[in-house]
Amino acid sequence: MDQVVPIKILIVEDNIKIQEYLTLLINRYFPEQLQILGYARSTKEAINLIEKTQPELIFMDIKLEDGLAFEIFEQLNQWDFEVIFVTAFDDFYKQAVDYFAFSYVIKPIVVEKFIEIISRYIQFRKRIFSIEKFQQLSSFLQKESTKILIHSGEKYINIHIKDIVKIEADSNYSYFYLKSGAKHLVSKSLKYYEQLFHTKGFFKPHRSVLINIEYIESIYKKETIKLTTGDNVPVAIRNKQKLMDVIKSLS
């Protein structure tokens, strides 16, 4: 029987009780698969520990004693470890982190969710949190992002957000329609992108479509939106007040 090589991990978390709880869960459910190399409560401690131990996986809180965890990556020249964020943010941060990092654990930690995430990582441990993904995540959270990776078929496609004309629902999938006329089917729901893009200038006229307001050519009686591509998009009655807000923002 082959010897199990444990995954070397760090816990970067400024809350001692969370550190202790993560340690308890790891020792209880994954004693042979995971090996804790150390703990850090600040970005400075984390950087020193990462350079010293070269971990494969880090549990990382977003808010640390001396700043945000993203500052850690800004000060590292390179890295080849994966990240599972541990966060109390359950809205925009959750959506963005879910998109770019391997996964996240929402506080308070649910044991079943924790086990599911670690089991999934053990199975797919080659998906690395790369410099490119960090840069996109960092800028996205700062509301300065201009690009996003979409997973279409067997590849990831890097597209400009400004080139997205609309996104249409297709069951649990979505179609991206771009300014170039390209159309991509992606394996995430429209609701996911509605939450992800809620600060990025997108409007949901009805339950099956999300449009980029930059491509609105005209609005007819607050009932139909005509896009610059020539598409006409009906507006649901319940969304007419939201459309008024869009009109004001464009006026």
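Residues are numbered from 1 along each chain as its sequence is written. In this predicted model, local features need pLDDT of at least 70 and side-chain atom pairs count only at pLDDT 80 or more, while totals for chains, interfaces and linings use all residues, and side-chain values use heavy atoms, with hydrogens and water left out.

**Exercise 1.** Find which residues make the contact of helix 1 with helix 5.

*Solution.* Start with the helices, which are DSSP runs (H or I, at least four residues; strands are E, at least two) numbered from the N terminus. The axes of helix 1 (residues 16–29) and helix 5 (residues 111–123) come within 11 Å and cross at roughly 60°; axes are lines fitted to C-alpha atoms over the stretch in contact, with angles from 0 to 180 degrees between N-to-C directions. Next, look for contact, meaning heavy atoms within 4.5 Å. Helix 1 brings Tyr21, Leu22, Leu25, Ile26 and Tyr29, and helix 5 brings Val111, Phe114 and Ile115.

**Exercise 2.** Work out which residue pairs with Lys107 in a salt bridge, and where the two residues lie.

*Solution.* A salt bridge needs a side-chain nitrogen of Lys or Arg within 4 Å of a carboxyl oxygen of Asp or Glu. For Lys107 the partner is Glu13, with the closest N and O atoms 3.2 Å apart. Lys107 sits in the loop between strand 7 (103–106) and helix 5, and Glu13 in the loop between strand 1 (7–12) and helix 1, so the pair ties together parts that are 94 residues apart in sequence. Finally, Glu13 is buried, with a relative accessible area of 1%, whereas Lys107 is partly exposed at 21% (buried is under 20%, exposed over 50%, partly exposed in between; 1.4 Å probe, protein chains only).
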